[in-house]
Amino acid sequence: MSIGFSNIPADLRVPLFYAEMDNSAANSASSTMRRLIVGQVNEGADSADIGSLVLVPSLALAKTIGGQGSMLAAMYEAWRKVDPVGEVWCLPLQGAEGAAAKATVTLSGAATEAGLLTLYVAGVRVQTTITSAATATQAAAALAVRINATPDLPVTAAAAEEVVTLTCKWKGESGNDISLQLNRLGKTNGEAVPAGLTAVVTPMAAGAGAPDQVAALAAMGDEPFEFICMPWSDTTSLNAWKAAMDDSVGRWSWAKQLFGHVYNAKRGTLGTLVAAGQVRNDQHMTIQAMEAGVPQPFWVQAASLAARTAVFISADPSRPTQSGSMPGLDPAPASERFTLAERQSLLSYGMATAYFEGGYVRIQRSITTYQKNAYGQPDNSYLDSETMHQSAFIIRRLQGVITSKYGRHKLANDGTRFGAGAPIVTPSTIRGELIAQYAKLELEGHVENSELFAQHLIVERDGNDPSRVNVLFPPDYINGLRVFALLNQFRLQYDAAA
């Protein structure tokens with residue numbers, strides 16, 4: 001017998017008892033699936049954490065870093081409504097060169113009765129008391145005061161005579177997505193402009209620019225993150241992240257093995273969203289389509305999507321995320337929601353979908369933007385984002401087993417005679433280990449067809465490098481139940497019963 005000690009020397013002569021620790025067969029830990037929110041801070045924010053990765057355990061800290069009402073704080077708040085205990089990191093970014101989005105609320109007339117003026121800003125209700133006989137100028141001033149007294153809104157307000165000007169708290173095109181709605185719930189819910197007054201809203205516009213994603217990616221370094229929420233959907237930002245996640249040289253490459261998946265959301269009509277999906281082809285990016293009438297901005301929806309996915313995948317990386325609720329999101333008006341045919345079109349062009357049911361906006365299907373292979377032919381191998389998390393989970397499992405058990409072993413050919421317990425491994429030993437691990441993965445519900453897997457598994461010593469083992473690992477991933485199709489072939493009565 002040849003026991004392989006790592007530290008106790010073979011020529012030790014001093015008596016008596018010595019013991020060394022070996023944890024190589026005890027490792028059963030799983031990797032922490034860390035979350036990352038990439039978000040913009042308010043203009044003028046001066047936290048030392050801006051531009052750096054920071055672990056954020058509380059909403060209060062997120063507001064301290066990004067400022068109250070900031071994109072970053074809103075994303076963190078949305079995340080925690082879904083995922084209260086996950087390890088969330090933030091990458092706060094300053095706005096690039098550009099302009100802040102602006103909008104106006106123009107009032108006219110004079111109130112003939114007391115009432116409430118209700119304005120929804122990014123889905124948040126702001127109500128202002130209007131007294132009887134109040135002029136438009138007085139009502140405008142009161143509305144501006146009320147908006148500024150709600151610091152978690154993404155805008156500031158300034159009144160000049162009958163006009164209230166709203167300005168996004170940060171620069172960038174993203175501010176154009178802040179929705180403004182008067183009396184969204186209507187008269188039946190007590191929301192109406194007081195009689196005598198008239199209010200006209202012009203939407204947020206003129207915001208320009210986006211943060212530098214290259215700088216953001218540099219700040220990430222080689223830190224691993226499984227769930228990444230990156231809200232900007234402009235071509236430059238998406239291309240930067242596509243390159244960062246790349247299979248050959250990025251976070252999914254053999255050299256880095258950092259893995260992770262990027263979640264995003266985009267508002268638009270069916271035509272604009274289909275057009276946006278057609279030009280993308282990235283298995284590491286999921287963009288959820290939003291109807292134009294959704295009250296919350298895209299960065300809030302993206303954060304909620306990523307958070308719900310994080311909760312589900314952390315519990316079981318092989319279960320589909322469909323039907324997962326996203327608390328805090330409101331649906332578009334019923335008449336403006338995507339129809340079944342429209343959602344089918346979106347899913348056919350790389351855009352993920354959501355739906356409203358049971359009081360919640362829910363994930364319908366989180367597909368990736370990957371649609372074609374290198375020759376431009378249709379390819380569904382990376383259709384669903386869950387496949388990417390499933391792949392990362394299985395690779396990490398094998399990585400943990402091999403590095404723990406065989407990290408300092410010697411390599412010999414099959415058939416080599418050596419004592420039991422010697423730190424020597426052969427291709428057949430590794431093959432047996434992989435088959436055993438596959439059986440465990442099958443029992444846990446991540447893969448299937450273990451007998452066929454064993455037939456197709458190849459483990460061999462490299463012909464040119466005697467210290468290298470090459471493995472063809474062919475898992476058969478278990479699939480999610482996506483479609484249940486039933487043919488109701490009814491009868492008025494079975495013939496035998498006539």
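Helix H2 and helix H7 cross in a right-handed sense, and in this predicted model the two helices, spanning residues 71-82 and residues 298-315, pack at an angle of about 35 degrees with their axes 8 Å apart. On the H2 side the contact is made by Met71, Ala74, Met75, Ala78, Trp79 and Val82, while the residues that H7 contributes include Trp299, Val300, Ala303, Ser304 and Arg308.

**The chain as a whole**
- The chain holds eleven helices and 19 strands, and its C-alpha atoms fill a box of roughly 100 × 85 × 45 Å along the principal axes.
- Of the 498 residues, 43% count as buried, and the chain exposes about 24800 Å², of which carbon and sulfur atoms supply 54%.
- Among contacts between residues at least 6 apart in sequence, 67% join residues that are at least 24 apart.
- The chain carries 38 positive and 45 negative charges, and the mean positions of these two sets are 2 Å apart.

**Residues with positive phi**
- Ala122, although not a glycine, has a positive phi of about 55 degrees, and this residue lies in the loop between strand S5 (115-121) and strand S6 (124-130).
- With a relative accessible area of 11%, Ala122 falls under the 20% cut-off and therefore counts as buried.
- Phe259 is likewise not a glycine and has a positive phi of about 60 degrees; Phe259 is placed in the loop between helix H5 (235-244) and strand S12 (261-267).
- Phe259 has a relative accessible area of 3%, so Phe259 is buried by the cut-off of under 20%.

Technical notes: Residues numbered from 1 in each chain as written. Predicted model: local features only at pLDDT ≥ 70, side-chain atom pairs only at ≥ 80, totals over all residues. Heavy atoms only, no water. Helix = DSSP H or I, 4+ residues; strand = E, 2+ residues; numbered from the N terminus. Buried < 20%, exposed > 50% of the residue type's maximum accessible area, 1.4 Å probe, protein only. Contact = heavy atoms within 4.5 Å. Areas by Shrake-Rupley, 256 points an atom, 1.4 Å probe, with all protein chains shown as cover. Lys, Arg positive; Asp, Glu negative; His and termini not counted. Charge placed at Lys NZ, Arg CZ, Asp CG, Glu CD. Axes fitted to C-alpha atoms, helices over the stretch in contact; angles between N-to-C directions. Left-handed = near helix turned anticlockwise from the far one by under 90°.
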